[in-house]
Amino acid sequence: MGNVRVEVPCGTTSIVIETGKLAKQAGGSALVSCGGTVVLVTACMAKKPREGIDFFPLTVEYQEKTYSAGKIPGGFFKREGRSTEKEILTSRLIDRPLRPLFPEGFLNEVQIVATVLSADNDNDPDVLAITGASAALMISDIPFDGPISAVRVGLVGEEFVINPTYAQRLESSLDYIVAGDAQGVVMIEGQGKEVPEARMKEMLKFAHKALQPFRDIQLEFHKQAAKPKTQVVTKVLPPQFIEKVKALGKARLAEIFNGIADKKERENKINELFTTLTADMTVYAEFKIGDEEIAAKDVNAVFEIMQYDLVRKNVFEKGLRVDGRGLKDIRAVSAEVGVLPRTHGTGLFTRGQTQAMAIVTLGTKIDEQMIEALDGVTYRKFMLHYNFPPFSVGETKPMRGPGRREIGHGALAHRALLSVLPTEDEFPYTIRVVSEVLESNGSSSMATTCASSLALLDAGVPLKAPVAGISIGLISDEKRSVLITDIQGMEDHFGDMDFKVTGTKTGITAIQLDLKIRHISLDLLSQAIDQATEARYFILEKMNAAIATHRPNTSEFAPRITTIQIPQDKIGEVIGPGGKTIRKIIEMTGATSIDIDDDGKAFIAAPNQESLDQVTKYLSSLLEMPEVGKVYEARVVKMMNFGAFCEFMPGKDGLVHVSELSDKYVKDPNELVKVGDVFPVVLFEIDKVGRYNLSRKRVKNISQ
């Protein structure tokens with residue numbers, strides 16, 4: 001096969017997809033380019049499943065090579081190392097819309113690798129990598145029911161923009177990535193500035209229409225370059241075996257599902273029933289799968305089917321959930337603040353058996369996170385980190401630091417709160433929020449959003465508005481689709497959708513959509529948005545009962561921070577040679593730090609208000625212009641045989657000549673004053689070269 005190239009217009013440029021030149025030994029490869037940004041995406045499949053595996057092992061690795069932007073990596077080793085947050089989040093973006101499109105029962109390992117080879121300053125490679133992954137799978141030998149494509153949508157002014165540049169995204173009031181096919185949407189990820197629900201629905205319609213050309217061009221790409229698909233043989237359990245397991249356990253399982261609302265109690269009873277079934281040798285004795293004996297894992301497979309059917313049957317036929325709730329019912333909600341005594345702010349949010357405690361720490365400018373990316377170095381003054389310890393679900397598990405799931409959930413809550421944070425001028429602190437998930441039974445990321453909003457208000461952060469989040473689920477078949485509010489873990493596992501929506505009373509701040517089916521229609525998605533809005537308002541009321549607005553002051557244990565503006569021509573004077581003046585101020589006042597930007601904005605941090613007041617007073621004096629005829633308190637800093645040099649204003653020294661020390665004749669100034677003495681002086685002259693001449697003896701004349 002020679003080189004195959006297809007192209008589709010996109011705004012003022014085009015997106016080009018090529019194959020046949022690079023990575024020819026991969027199962028499928030697609031080189032996707034837009035402007036000066038180029039991403040190579042490959043897809044490979046293992047020849048057969050790993051022994052004993054019972055899930056589909058899809059892995060996605062998105063890599064940003066620094067050479068693509070003409071840079072050398074920082075650090076000691078000078079090469080790319082562990083995945084960055086952007087790489088992990090983009091890997092998840094690629095994975096989520098593709099996963100539902102592989103055949104049921106397909107267990108061969110599939111690996112997708114997206115490598116950024118070239119990066120310009122306009123086009124983000126992440127959305128190109130999603131479409132590229134679909135294209136690579138389409139032409140590969142891997143079974144895949146695509147294509148899907150993805151677009152990024154911005155809102156600049158009142159106009160939606162497809163795949164906005166980095167510059168346009170800075171002006172945009174929303175930033176969403178939408179993936180889908182011809183019939184509907186399969187994945188949404190992004191954030192916005194309290195976007196009204198009606199506007200969000202318009203955006204989704206616009207995005208779905210806009211992604212069609214990128215999907216259509218893949219069909220042409222497939223027509224020209226596709227390999228024959230590998231025929232995958234999936235394991236089929238004997239129908240008689242399935243019926244026998246159901247006959248032995250279905251009635252008891254239904255009793256458990258219909259009578260036990262508590263998650264742990266229900267899980268214990270289910271495990272007891274499963275143990276009973278697998279211990280019954282008659283379950284295995286009569287059946288084989290080919291030459292293989294029936295095993296406990298096969299009983300478990302049927303057990304999963306039974307639970308799947310029961311969850312969905314109750315919703316379809318009774319309008320009831322596993323825990324007895326109605327379709328729109330929200331579990332019991334409670335909200336608390338000020339839970340921990342020494343932290344800067346805490347929020348505890350509980351919804352049913354999901355509980356998150358968020359802790360806020362306020363820091364100084366030096367605590368900002370530096371982020372090195374292909375588009376340059378940026379500094380983040382708001383961080384949100386999500387932790388999911390194994391005890392939150394009653395399990396034991398090695399704790400090796402945050403995984404991809406933790407990073408993804410933390411990023412969602414971060415996006416949810418970003419648009420309601422105060423500006424740097426309004427609140428000059430660096431803010432870190434840590435969410436500790438203490439208990440989990442579904443939607444812990446939404447509990448994290450609620451807990452974090454509470455904690456920020458408790459810390460005295462002047463949010464524009466509180467933010468709450470809720471997850472909407474979907475139970476569907478060929479004929480019916482039912483939306484359910486506030487899904488729990490079992491409904492997430494056996495359901496078809498996890499649609500997380502966060503926002504304020506005014507509008508939506510973030511959305512994340514994951515599906516297990518190949519798409520959801522725009523009409524049904526619109527209904528889900530409305531259902532999420534109703535639930536969000538309910539939760540916001542519960543949160544407002546705990547704390548309606550931010551506390552007027554920050555915690556006594558938080559640093560005290562303020563900003564003042566220093567004229568740019570005075571920056572050098574304030575800093576002093578080699579930072580001498582700044583160091584002196586910190587030593588004198590006990591301040592924590594003084595950081596001055598190039599534009600003259602000074603960020604002052606101190607351990608208490610008294611220290612902060614001393615710094616601001618000193619800096620104000622330092623910036624004050626000396627006035628001839630004004631009396632100052634001066635301190636002797638150096639003695640000479642002709643007089644005393646005195647600091648009469650911060651950073652400003654003047655000479656009290658021996659003749660100006662006293663009305664009487666003074667032969668040696670050391671007889672009258674010494675270093676460290678403090679006394680009033682008057683500035684009576686600024687000479688032609690800018691020297692300050694001070695007088696001690698003339699003070700009495702001014703006083704009179």
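I shall take a helix pair and then a sheet with its neighbouring helix.

This is a predicted model, in which local features need pLDDT of at least 70 and side-chain atom pairs count only at pLDDT 80 or more, whereas totals for chains, interfaces and linings use all residues. Residues are numbered from 1 along each chain as its sequence is written, and side-chain values use heavy atoms, with hydrogens and water left out.

Helices and strands are DSSP runs, numbered from the N terminus: H or I of at least four residues for helices, E of at least two for strands. The axes of α6 (residues 263-279) and α8 (residues 296-318) come within 10 Å and cross at roughly 135°. Axes are lines fitted to C-alpha atoms, for helices over the stretch in contact, and angles run from 0 to 180 degrees between N-to-C directions. Contact means heavy atoms within 4.5 Å. From α6, the contact involves Ile270, Leu273, Phe274, Leu277 and Thr278; from α8, Ala296, Val299, Asn300, Phe303 and Gln307.

Turning to the sheet, 5 strands form an open, mixed arrangement in the order β13-β14-β15-β19-β18. Strands pair if DSSP finds at least two bridges between them. At the edges lie β13 (333-337) and β18 (382-387), each pairing on one side only. Within the sheet, β14 (residues 345-351) and β15 (residues 354-363) are antiparallel over 7 bridges; glycine 345 has valine 360 of β15 as its bridge partner. Helix α10 (residues 444-458) packs on this sheet, touching β13, β14, β15, β18 and β19 (430-439), and its direction makes about 145° with that of β14.
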